Amino acid sequence: MLNLAIIGPGLVGSEFISQVLKSTTRTFRIIAVSNSKRMVLSQTTAPLTNSSWKTQLESPSATPTDLAKLAAHAASQQEPCVVVDCTSSDAVAECYPVWLRMGLHVITPNKKAFSGPLPLWDDIQKAAKEGKAHVFHESTVGAGLPILSTLRDLIETGDDITRIEGIFSGTLSYLFNNFSSPNPPTTPSTFSQTVSTAKSLGYTEPDPRDDLNGMDVARKVVILGRCAGIPLDLTTLHVENMVPEQLRNAPNADAFMQQLPEADAHFAKLNEDARKEQCVLRYVGCVDPNGQSSVKLAKYPLAHPFAALTGSDNVIAFTTRIFPSPLIVQGAGAGAAVTAFGMFCDLLKIDRILSPHA
């Protein structure tokens, strides 16, 4: 039986705990839960439950968060333990090598460790081997979609990657599926109106510039590239920032949204130029083994799978020697439930590795 130490029981973390404890196929013990301020450490003889962890975390018995103590507690148990990092913290990500060398396994949707400085990436891979521990992070790219696992299968079977490209942001998927549709409405919305609608529906970050700058997509491209053996780095990857230069220093999100109509003519021309070529606009990340990896707004023909995308789905195309006609993975790429699902799948992988006959 695996023990679990959960860090960051917020929206995704709470959903993960709920899914795991409701499982009827596997049993796991939660022996630690920690947020940014408090933590609860429980013995395996009295594991935390779905109804008790929140109460205990808020009770006077909870102690100040100390990740070193949490890791020591996790490593002291007789059964193997998986540390589940549900945060987006750089500081937590930097702990992975230490934990892995202690023999603790790691599961996370936190992109920071895998898209940050290359030395940290390299140290994580080295630490996992030294500690004979496993680290899985399927949910860093596409939430619950089997993207990294598909890439791993392609590589381990000896296939050659020609190109990986995809729409990795649910926000930007929604924006351009509506703004640049194969079948535009009679009175189409302007770009600023489309962004405003997406913001009101909760698709964007509180400040839409955090979506439009492309950095979330860039992190996912870097992760895919590194998993494919290409040493991509955020500092050298070409990333097209769609925030108009004159609006990048707007004092806040409200000011940015008020000024965004100034850019409508620019985006309208891009859209019209695409339509003249019977294409649509899509914001796409590309991993290219030949050195042309990028994140940018591009035109795609109406017959292309990316053009037919609807809603806020993600879509990823793997072009390889075995799949010259791309292998397509498509579906919901964001949200607490699907992200937790991807993490749960990673947990089951570790469980099967450690208990192959269970």
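Strand β8 (residues 161–167) and strand β10 are joined by three bridges and run antiparallel; strands are DSSP runs of type E with at least two residues, helices are DSSP runs of type H or I with at least four residues, and both are numbered from the N terminus. Two strands are taken to pair if DSSP finds at least two bridges between them. The model is predicted, and local features therefore need pLDDT of at least 70 and side-chain atom pairs count only at pLDDT 80 or more, whereas totals for chains, interfaces and linings use all residues. Residues are numbered from 1 along each chain as its sequence is written, and side-chain values use heavy atoms, with hydrogens and water left out.

An open sheet of seven strands has the order β4-β3-β2-β1-β5-β6-β7 and mixed pairing. Its edge strands, each pairing on one side only, are β4 (63–64) and β7 (135–136). Strand β3 (residues 38–41) pairs with β4 over two bridges in the antiparallel sense. The bridge partner of Arg-38 in β4 is Pro-64.

Helix α9 (residues 170–179) is likewise considered for burial. Nine of its 10 residues are buried, so α9 is largely enclosed by the rest of the structure. The buried residues of α9 are Gly-170, Thr-171, Leu-172, Ser-173, Tyr-174, Leu-175, Phe-176, Asn-177 and Phe-179. The N-terminal end of α9 is capped by Ser-169, a side-chain oxygen of which lies 3.3 Å from the backbone nitrogen of Thr-171.

Aromatic contacts were also examined. Rings of Phe, Tyr and Trp (its six-membered ring) pair if their centres lie within 6.5 Å; planes under 30 degrees apart count as stacked, over 60 as edge-to-face and the rest as tilted. The count comes to 10 aromatic pairs by this rule. Phe-114 and Trp-121 form an edge-to-face pair, at 6.3 Å centre to centre and with 85° between the planes. Both Phe-114 and Trp-121 are buried. Phe-179 and Phe-191 also form an edge-to-face pair, with 5.4 Å centre to centre and 80° between the planes. This pair links distant parts of the chain, with Phe-179 in α9 and Phe-191 in helix α10 (residues 191–200), 12 residues apart. Phe-179 and Phe-191 are both buried. Ring pairs also link Tyr-96, Trp-99, Phe-114 and Trp-121 into a cluster.

A search of the whole structure finds 15 salt bridges, a salt bridge being a side-chain nitrogen of Lys or Arg within 4 Å of a carboxyl oxygen of Asp or Glu. One of them joins the side chains of Asp-351 and Arg-26 at 2.7 Å, N to O. The pair links distant parts of the chain, 325 residues apart: Asp-351 lies in helix α15 (residues 336–354) and Arg-26 in the loop between α1 (11–21) and β2 (28–34). Asp-351 is buried, with a relative accessible area of 7%, whereas Arg-26 is partly exposed at 23%.

Another salt bridge is formed by the side chains of Lys-269 and Asp-273 (2.9 Å, N to O). Because Lys-269 and Asp-273 are four residues apart in helix α14 (residues 264–276), they are separated by about one helical turn. Lys-269 is exposed, with a relative accessible area of 53%, and Asp-273 is partly exposed, with 25%. Asp-346 forms a salt bridge with Lys-349, the closest N and O atoms being 3.3 Å apart. These two residues are three residues apart in α15 and are therefore separated by about one helical turn. Both Asp-346 and Lys-349 are buried.

Note on methods. Buried < 20%, exposed > 50% of the residue type's maximum accessible area, 1.4 Å probe, protein only. Polar contact = N/O pair within 3.5 Å; in protein donor to acceptor, adjacent residues only side chain to side chain.
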